[in-house]
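How do two packed helices get described? By the angle between their axes and the distance between the axes. Keep that in mind as you look.

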Amino acid sequence: MRAHRDTRILLSVLALLSLGPVVAHAAPAPYSADGLYNLANSYARAGKPGLAVLNYERARLLAPTDPDIEANLRQVQKSAKVPQATPSAFERAVTIAGPTTLSWTGLGGILLLGASLVAGTSAGRSASAGGIPSRYRWLRRLSAVLGLALSGLTVCNAVVVWPQLHQAVILTPATPVRVAPVPMGDPLFVLPEAETVTMTAEHEGFVLIHSHGRSGWVAAANIAPVVPH
Amino acid sequence: MGLCAVARAVAAPPPVNVTLEPRQISLGETAQLTITSEGMGMDGITLPQVAGLEFRVVGQSRRVEIINGATLATTSVILRVTPETAGIFTIPGMTPNSQPLVLRVNPDNGSGSASQYNNPNLANRPPLAAGGSSTNGIRTTADGAAFVRMNLPKRDVYVGESIPVDIEVGMRAGFVQSLNGLPTLTGNDFTLNNLSRKPERVEKLVDGKPFTVLTWHSVLAPVKPGTFTLSVQSPLTIRVRTRAARDSLIDDLLGDPFMQNFFGATVAKDVTVSSPPEDLKVLALPTEGRPTDFSGAVGSFKIASDLSATTAAVGDPLTLRLHVTGTGNFDRVDTPMLEHVEHWKTYPPKSSFKESDAIGVKGEKTFEQPLIASHPGPQTLPDLTFSYFDPETRRYETARTAPPPVTIAPALADATPGAPSSATAGASATPGSPTTAAAARPAAAVPPEPSSPEMRPDHAITAGAATSLVPLYLRPTFLAVPLLALAFAGGWFGMRHRGASLGISRGRNRRSEASANRLLQPMRAAARAGDAAAFFTAACIALREALAARWQLAPEQLTADDLAARLAADANPDAAGVLEIFALADEAKYAGRDLKSIDYDRWTQVVRSQLLEAT
């Protein structure tokens with residue numbers, strides 16, 4: 001009886017914790033992959049490759065498997081003559097679904113892992129004492145393996161997506177990259193519009209960026225982060 | 001040439017008379033030294049060596065007198081004595097018996113040379129040329145070879161004020177051999193700045209005589225208040241006449257310096273020519289009414305301002321320019337421009353100066369201040385002010401200018417979903433107008449054809465919206481779930497595991513106790529009945545079961561020999577007791593021995609310990 005009670009408490013707590021993401025997910029939603037994609041298309045047609053690439057990148061964060069987003073992004077980058085990144089096999093393998101789907105998948109995997117853990121503690125007891133009958137022990141093992149795989153998939157996806165969260169897109173043509181974060185700083189090199197760079201620091205209206213082994217400061221007005229602050 | 005030949009030393013006849021006239025002269029004048037000896041030649045005369053005096057043979061005469069039939073010839077050599085500086089000079093006697101002669105040279109009392117002797121800094125400088133005439137504010141040297149003049153303003157000046165001055169050095173053509181340096185100020189109360197390296201050169205008539213006038217433009221800057229005497233001087237090498245003025249009529253008649261030099265009428269001298277001293281009153285800047293932003297600018301200025309652009313986006317750097325034009329000390333013209341303006345980020349300004357004259361008193365100083373707007377919408381920057389002291393009006397002035405208004409658009413970086421608000425706006429859409437994704441949806445309902453055939457068309461919006469572009473699994477509210485769940489499950493599992501371990505141990509103990517009690521029960525009953533045979537028989541059965549279980553044998557396989565060997569091998573502390581129980585049991589069973597004084601409790605404890613140890 002006591003084992004039954006403990007299992008019920010554990011499952012209730014996990015169920016209550018699951019409500020947190022549900023509530024968070026239910027907040028007002030201003031971003032839509034299709035809306036961002038359409039917006040990027042309109043910028044591309046308006047001859048604004050920087051803003052187009054920015055919104056394609058944002059749309060791709062929400063719908064990484066959408067082939068239209070990927071195709072138009074490459075088209076605009078090709079037209080703007082900026083380098084294009086080719087995803088590796090690992091990146092393609094762990095990006096089989098959108099981040100929201102993978103979030104719930106990962107959460108489900110963790111719940112499965114927890115459930116198998118709970119079941120493992122009662123494995124030595126008889127069914128009347130709250131234990132799992134031995135004929136269902138394969139189910140416990142299966143849920144553990146499945147939970148581990150699902151949560152691992154989500155973790156791998158996070159590893160791939162994490163750098164994209166710190167990327168930014170150059171919005172103005174021939175943007176000077178300066179040696180210091182001041183308007184009078186000497187320019188080191190010039191970046192074309194629509195190039196995607198990595199942000200590493202910010203200071204007084206300037207952003208420290210890295211691009212193909214080079215780094216320098218760009219005015220924040222000339223650059224837009226893929227994920228708005 | 002003949003005169004020079006006389007100067008060579010000869011041995012014959014010694015001089016008889018040496019005269020010096022006059023004995024007192026002024027600097028710039030010459031004296032005449034006459035050496036008279038008997039005979040027809042003076043080849044043996046050695047010219048005297050006196051520091052500060054130059055001796056030059058200018059003539060020789062012979063005189064023959066017949067007195068009472070006797071002929072008396074005398075020869076005289078005339079030397080020109082030219083002092084190089086003032087003082088008292090002693091000319092040694094030409095013969096051992098002659099007395100030394102004293103020449104007193106007074107300082108020049110004519111031209112602007114007096115200040116030289118009053119200024120200790122000039123003690124080692126070359127002598128000034130003797131004072132000459134002064135007309136139209138120009139005072140030439142004594143021989144009229146050169147002059148220096150400085151044009152100063154005819155008013156009081158202020159500390160820090162930049163005073164334009166013209167320094168003129170006039171040189172009589174042919175009389176000045178070289179100019180040995182730039183004009184310099186006497187005294188330390190002023191600084192002479194921005195002296196032009198290349199002077200203007202004009203030909204000018206001064207008192208009807210041709211002069212080459214070099215003019216330097218410069219800026220005079222007083223460093224402290226007070227009344228000061230100011231003079232400027234210039235080092236020159238001039239040709240000085242070697243004959244007294246009264247004897248130089250022939251020189252003036254010759255006119256041409258070449259001719260004068262040819263006849264030995266001039267000699268080269270390094271002199272420093274000074275301008276007539278002038279008094280200048282320097283006033284301190286008044287403290288009353290001094291603006292807080294006064295930076296020390298003195299002069300007359302005007303300001304204007306402009307912006308690099310009148311429209312910009314948030315975050316775009318703009319340049320606000322302040323132009324200060326006029327006349328004055330531009331090196332003290334400074335302003336912080338704008339500081340701490342709401343909705344603007346300001347940076348320290350940089351300045352540049354473009355002079356419109358040779359000395360930098362007139363020009364335009366431009367300050368450039370980078371500004372970055374932080375809020376969209378029409379913006380009006382505060383007025384720019386610049387304070388200075390006007391020496392003409394003798395008061396502080398504050399100039400003011402209003403920068404042009406500027407319109408700030410939202411930043412391109414703020415281009416959130418929905419900008420442009422309508423996808424059909426196409427190229428005319430204005431990026432940056434913040435709208436929501438909902439605003440983009442109607443546009444997506446009628447997707448336009450893409451302009452590029454290679455581009456894929458718009459989507460009809462069907463997918464769900466997201467609150468953030470950050471993946472759900474990286475948001476703190478979501479990330480907290482697995483972490484808390486794992487922590488809770490881990491804690492729960494740990495507690496359960498620890499509790500289970502304790503329960504197993506207790507249960508095992510309980511089972512051992514119960515099993516031992518079950519086997520001891522017949523022994524206790526036999527003891528209560530006083531039946532020793534039954535007691536030891538029950539004890540043997542219990543021990544045999546316990547030990548057989550310990551050694552994993554069947555009870556019937558356990559023989560007496562085997563029992564003794566295994567107990568010895570186990571080093572069982574109760575081995576002797578156990579073996580004695582088996583022996584007593586056999587004795588009671590087979591020998592019929594009456595065991596009345598038996599200690600049942602002792603044997604019961606031995607068996608019990610073996611039973612508990614076995615389980």
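Start in chain B. Helix α7 (residues 532–550) of chain B packs against helix α9 (residues 575–591) of chain B at about 135 degrees, with the axes 9 Å apart. Axes are lines fitted to C-alpha atoms, for helices over the stretch in contact, and angles run from 0 to 180 degrees between N-to-C directions. Helices are DSSP runs (H or I, at least four residues), numbered from the N terminus. α7(B) and α9(B) are therefore oblique to each other. The cut-offs are under 35 degrees for roughly parallel, over 145 for roughly antiparallel, 65 to 115 for roughly perpendicular, and oblique for the rest.

This is a predicted model: local features need pLDDT of at least 70, side-chain atom pairs count only at pLDDT 80 or more, and totals for chains, interfaces and linings use all residues. Residues are numbered from 1 along each chain as its sequence is written, while chains are lettered from A and ligands numbered from 1 in the order in which they are written.

Now chain A. α3(A) and helix α4 (residues 67–80) of chain A pack at about 155 degrees, their axes 10 Å apart. That makes α3(A) roughly antiparallel to α4(A). Among the contact residues are A:V53 and A:A59 of α3(A), with A:L73 and A:V76 of α4(A). Contact means C-beta atoms, placed from the backbone, within 7 Å.

Finally, look at A:V169. Leaving aside neighbours within four places in sequence, A:V169 is in contact with residues including A:V53, A:L54, A:A194 and A:V226.

Note on methods:
Helix = DSSP H or I, 4+ residues; strand = E, 2+ residues; numbered from the N terminus. Contact = placed C-beta atoms within 7 Å.
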